[in-house]
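Thanks for coming, everyone. Let me put the structure up, and then we will walk through it together.

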Amino acid sequence: MDAREFPDPPTEDPNGPRRWVKPQVSLAGAADPSTTTVIRRPSSRRHTVRGRAVTGQEATAAGFGAAGATAPDAVADGPDSPFGESDGGWKPSGSRRAAAAADGATAPGGPDGPEGPDGPDGLGGRRIGGARRRRPGSRRRWPLVVGGVAVLLIACGAVLAYQVMKVKSDLASTSNDLTAVQDAATSGDIPTAKARLSRVIDSAHAARSHSAGPVWWAASYIPFAGPNLRTSRQLVLSLADLADGPLTDMVSVSDTISPDSLIKDSTIDVPTLVKDRPTLLRAAAGVATVDKRMQSLPSAHLVGPVATARTQAVTKIAKLDKLLSGMADALTVGPEMLGANGTRTYFLAFQNNAEIKSTGGLIGVYGILTADHGKITLVHTGSNDELKNFKKPVVDFGPEYNANYGSLFPGSLWSNGNSSPNFPYAGQTWATMYERQTGTHIDGVIGVDPEMLADLVRATGPITLSDGTKVDGDSVAKLVEVDAYADFHDSTTNSDERTARKDFLKEVADTAFHTALSSDVKPKPLVTELNTAAKGGHLQIWTPIASEMTILRKGGLTGEMYQGTAPYASVVLNNVSGAKLEYYLQRNVSYTLGPCSAGRRPGQIQIGLTNLAPPGLPRFVWQRIDAPPGSYPQGQDVLQLSVYLTNGAKLVNVMVNGKAVDFTRGTELGHPRIMMWVFPTPGQPLTVTVNTDEPATSAKPIVPAQPMARPQQTEIKAAACG
């Protein structure tokens, strides 16, 4: 196609209707200085129209050179171009829009031209030399688009704000009701538990609904806001799962397994325990899963309300997990230990803290307890006079045990059977001794002491002895460990007074236990007080069945010595004088761990012993069997003191009141052990210091307390390590 084939541009006749008029074309017009020409560089292409090079003459012929008309895209970029240097492309010499407005001409690429909206480019503008011209209307659309986006964002923000407020309210309601459900269920208030559970379910489901949808989802990927929204969503989902499953299961069996429902006429309803066990185990497993999920939720970069909601949820679910885990453990072994599969027989060892031994004290009184399908009966109580010693050990715990305690004959003498702080040693020893003596099979051993009796009487209320004396929980320990020696004393050890004292101690223990097993006792206080006794080490249980020991160990009931690599400091006392002075002994134990360096750290264990025995005590209380009276201060005690160290620790030195002393070394169950004799004397505080070099570890230090009349005062100072 050449220039003559281009359609003529329309020209309007001022004197008539619009029609097409062919413009006048002349050489003079082409040379008119107002006419734009195209100057071609030697190295560039000519300006093209519709893809073909156009000369200045052809441009004029095409209508660009009409009188007074200027081609809208005229460009001059040669050496004399006002733009200066050439960059190989075309640049406009003026505003296209202004030129078009001044001429009133419509370019070939205008609205009606081949490159208009309906043209092949379909871009709403024309192209000359590769440049696109936008229509004025396209620019006017941008404010509308921006405004629409702004309105949409504002609307989404409003929706998100509403959702956040609703979720916050739902979470607060769920948290409050969750605590109420737990309290009501454990107290046996089942109607309240069910009502509050319904509210928990409603709140959790509402929160789950309010935290869903595209707005919440999209916002969860926005920096800063995202972690808060994702954490909130996970909290909501976890609480909803908790309400729908574990909580519903827990409440469904709470009315039948609560202590008040289970214990009737001094018998525990074992068949119900067995029936409801699968449901409670399922609930415990579900709560454990939710607790683990809660613990894994991120805690960093959370705003105040979200951080608070997370902390409250994690704390409450952890508490619920601990509760249900303990209940599940009890149901796992409880029915069988209560005689679900046949009668169980237990040896009950009453350990007197006044004459201290490693696990609690000398056996002064014992009992035989049976459990038959939930019916618990104390069938016999007796004094230690009934327990006969053996010429040879009845058990053998290996060379280590024999090296530590062989000189005390613990496998032959009832009084020394609990020389080790590891209660399973004592339990197995006493069970074997009783079986050998009586022929009665023993299924387990339960160790208790006067402090446990005190907890028992607090649960039952005051007990009444045969002489009319009323004894309450706050006075029973002193009655057994102090008053009995004052009321029944004599200078000879085999007198009637000694027998009367043992009979009195037997009556106190027998009355306390029979009262606790009667039908008049409220079960919940009883369970609570027994739990308190167990935490203080005043209630310990051993059975030969490994699966039962595993569960009892989790509940802190086995009295076992810790076996592991955590920092460890255990102070254990054994009476070796026969006196009854440990009721008056006060203990302070501090454990200090220094900073870590090259895999080691310094450690120090300091033990303070203060003998508070008053003057004027009965001779039977202060008299020693290792020395004649008059050769030692009245009230002076003699104790074997053992200190157990961290696995892998090295001993640096040992001092008593700042002076080096003799001691023996050994090991027990993975722990280095040092042993010495100490002589606490009234009015003369005694301090033992043990300096160590220990392995570096970030584990939490463990400082157990030997069960005694006066609780051990413990202080731990550990520098951060690892």
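At what angle do helix α9 and helix α10 pack, and how far apart are their axes? Hold that question for a moment.

A word on the ground rules. This is a predicted model, where local features need pLDDT of at least 70 and side-chain atom pairs count only at pLDDT 80 or more, while totals for chains, interfaces and linings use all residues. Residues are numbered from 1 along each chain as its sequence is written, and side-chain values use heavy atoms, with hydrogens and water left out.

Now the answer. Helix α9 covers residues 270–296 and helix α10 covers residues 304–337. They pack at an angle of about 150°, with axes 8 Å apart. That makes α9 roughly antiparallel to α10, a label for angles over 145 degrees, where under 35 is roughly parallel, 65 to 115 roughly perpendicular and the rest oblique. Axes here are lines fitted to C-alpha atoms, for helices over the stretch in contact, and angles run from 0 to 180 degrees between N-to-C directions. Helices are DSSP runs (H or I, at least four residues), strands likewise (E, at least two), and both are numbered from the N terminus.

The crossing of α9 and α10 is left-handed: the near helix is turned anticlockwise from the far one by less than a right angle, and clockwise would be right-handed. What lines this contact? There are 21 nonpolar, 3 polar and 5 charged residues in the contact of α9 with α10. Nonpolar covers Ala, Val, Leu, Ile, Met, Phe, Trp, Tyr, Cys and Pro; charged covers Asp, Glu, Lys and Arg; the others, Gly among them, are polar.

Stay with α10. Its axis comes within 10 Å of the axis of helix α17, residues 546–554, and the two cross at roughly 145°. This crossing is left-handed too. From α10, the residues involved are Ser-325, Asp-329, Thr-332, Val-333, Glu-336 and Met-337. They meet Ser-547, Glu-548, Ile-551, Leu-552 and Lys-554 in α17. By class, the contact of α10 with α17 has 4 nonpolar, 3 polar and 4 charged residues. Contact always means heavy atoms within 4.5 Å.

Third pair. Helix α13 is residues 450–460 and helix α14 is residues 476–487. Their axes come within 7 Å and cross at roughly 150°. Pro-450, Glu-451, Leu-453 and Ala-454 in α13 meet Val-476, Ala-477, Val-480 and Glu-481 in α14. That contact has 6 nonpolar residues, no polar ones and 2 charged.

Look at Glu-451, in helix α13. Is Glu-451 buried or exposed? Glu-451 is buried, with a relative accessible area of 18%. The cut-offs: buried is under 20% relative accessible area, exposed is over 50%, partly exposed is in between, with a 1.4 Å probe and protein chains only. Beyond its neighbours within four places in sequence, Glu-451 contacts Asn-353, Ala-477, Glu-481, His-538, Met-708 and Ala-709. Its C-alpha atom is 9.9 Å from that of Val-480, 29 residues away along the chain.

Zoom out. The protein has 18 helices and 23 strands. Of its 722 residues, 45% count as buried. Take the contacts with a separation of 6 or more: residues 24 or more positions apart account for 70% of them.

Next, the inside. The largest nonpolar core has 69 residues. Such a core is a set of buried Ala, Val, Leu, Ile, Met, Phe, Trp, Tyr and Cys residues joined through side-chain atoms within 4.5 Å. Which members touch the most others? Phe-347, Trp-430 and Phe-513 do. Setting aside residues up to four places away in sequence, Phe-513 touches Leu-348, Phe-350, Leu-378, Val-448, Met-452, Leu-453 and Leu-456. Apart from this core lies another, of 37 residues, including Ala-185, Ala-193, Ala-284 and Ile-317.

Last stop, two loop residues. His-373 sits in the loop between β8 and β9. Its phi is near 50°, positive in a residue other than glycine. His-373 is partly exposed, at 46% relative accessible area. Phe-409 lies in the loop between α11 and α12. Its phi is near 55°, again a positive value in a residue other than glycine. Phe-409 is exposed, with a relative accessible area of 53%.
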